[in-house]
Amino acid sequence: MDAVNDAANHTAESVPGPPSTATAPLEAGRRSPTGSRLYPRVTSFRSRRGALTPNQRQSWERMWPSIGREVGDEPLDAEAWFGRRAPLVIEIGCGTGTATAAMAQAEPHVDLIGIEVYQPGLAQLVQRIERDGIGNIRLLRGDAVDVLEHMIAPDSLTGVRVFFPDPWPKSRHHKRRLLQPATFALIADRLITGGVLHVATDHAGYAGHIAEVGAAQPRLIGLNEATGGAGGAPGADAPIGFERPVTKFEGKAHRAGSAITEFIWGKIK
Ligand SMILES: C[S@@+](CC[C@H](N)C(=O)[O-])C[C@H]1O[C@@H](n2cnc3c(N)ncnc32)[C@H](O)[C@@H]1O
């Protein structure tokens, strides 16, 4: 786990520490006793503010204590949280949760954790979970890289979904892209053998980068055309489904004429 964590720190951006008193070097991403990082690493998300509507706020207050948590450093006991033992899937950057909710409803035997930094997005999903009585979704608010590093054990995830990660199109921002070699290594480490990584993007440049970085990860093999496997999506023997509803975000990409690339990898020993 440590080797993988060290690898993940390639996203860390060093800034000088306090001038005199530090006696030990600070690790990238280390947290202060209050939980904030001692110095920042480059993140794959923008800071966005947004208020919840009164209805969202009420739903949040009713639901969050049981279905949501802030991202932290403690390992997650998913079985205790869901109250059962079931295949576990995480969705990184679930946005407003259109895909999360539909996929959870289509697979009631799977437990799904949506991870998102943007509270108004999560609040829309919380409302949907409450309205539709969806029992197999839990939510983590914060950075998914922290979740992978600290909260998820190796060989524990049946699936990881990343739908339309921010493409950071300018070259000087490419270092902010979520899907880098270190993140692929972390994901591969946290998947069970036979577990699946499913990624979709509408950005041609990012698609090329994802294909290249994924192909270089030795513990993942391609399972669909875009990942160099057989044509089409894996069939009924796959441990999770691949049917996604078209999200609002994806709808915009379709209207702009962008092609959607879908990547599916499987974890090997
Ligand atoms: C372009 S949106 C796509 C949202 C959604 N998956 C969809 O298809 O509509 C990307 C989302 O990923 C979230 N995100 C980016 N990096 C993240 C990270 N490291 N941890 C959690 N969420 C992240 C952003 O806040 C944003 O909501």
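What percentage of the 269 residues of the chain count as buried? The figure is 46%, where buried means under 20% relative accessible area, exposed over 50%, and partly exposed in between (1.4 Å probe, protein chains only).

## About the model

This is a predicted model, in which local features need pLDDT of at least 70 and side-chain atom pairs count only at pLDDT 80 or more, while totals for chains, interfaces and linings use all residues. Residues are numbered from 1 along each chain as its sequence is written, and side-chain values use heavy atoms, with hydrogens and water left out.

## Overall build

The chain holds nine helices and eight strands; these are DSSP runs (H or I, at least four residues, for helices; E, at least two, for strands), numbered from the N terminus. Among contacts (heavy atoms within 4.5 Å) with a separation of 6 or more, 79% join residues 24 or more positions apart.

## Salt bridges

Let's turn to charged pairs. There are 13 salt bridges, each a side-chain nitrogen of Lys or Arg within 4 Å of a carboxyl oxygen of Asp or Glu.

One of them pairs Arg-46 with Asp-166, with the closest N and O atoms 3.6 Å apart. The two partners sit 120 residues apart, Arg-46 in the loop between helices H1 and H2, and Asp-166 in the loop between strand E5 and helix H7. Arg-46 is partly exposed at 44% relative accessibility, and Asp-166 is partly exposed at 32%.

Another joins Lys-267 to Asp-155, at 3.1 Å between the closest N and O atoms. Lys-267 belongs to strand E8, and Asp-155 to the loop between helix H6 and E5, 112 residues away. Here Lys-267 is buried at 5%, whereas Asp-155 is partly exposed at 47%.
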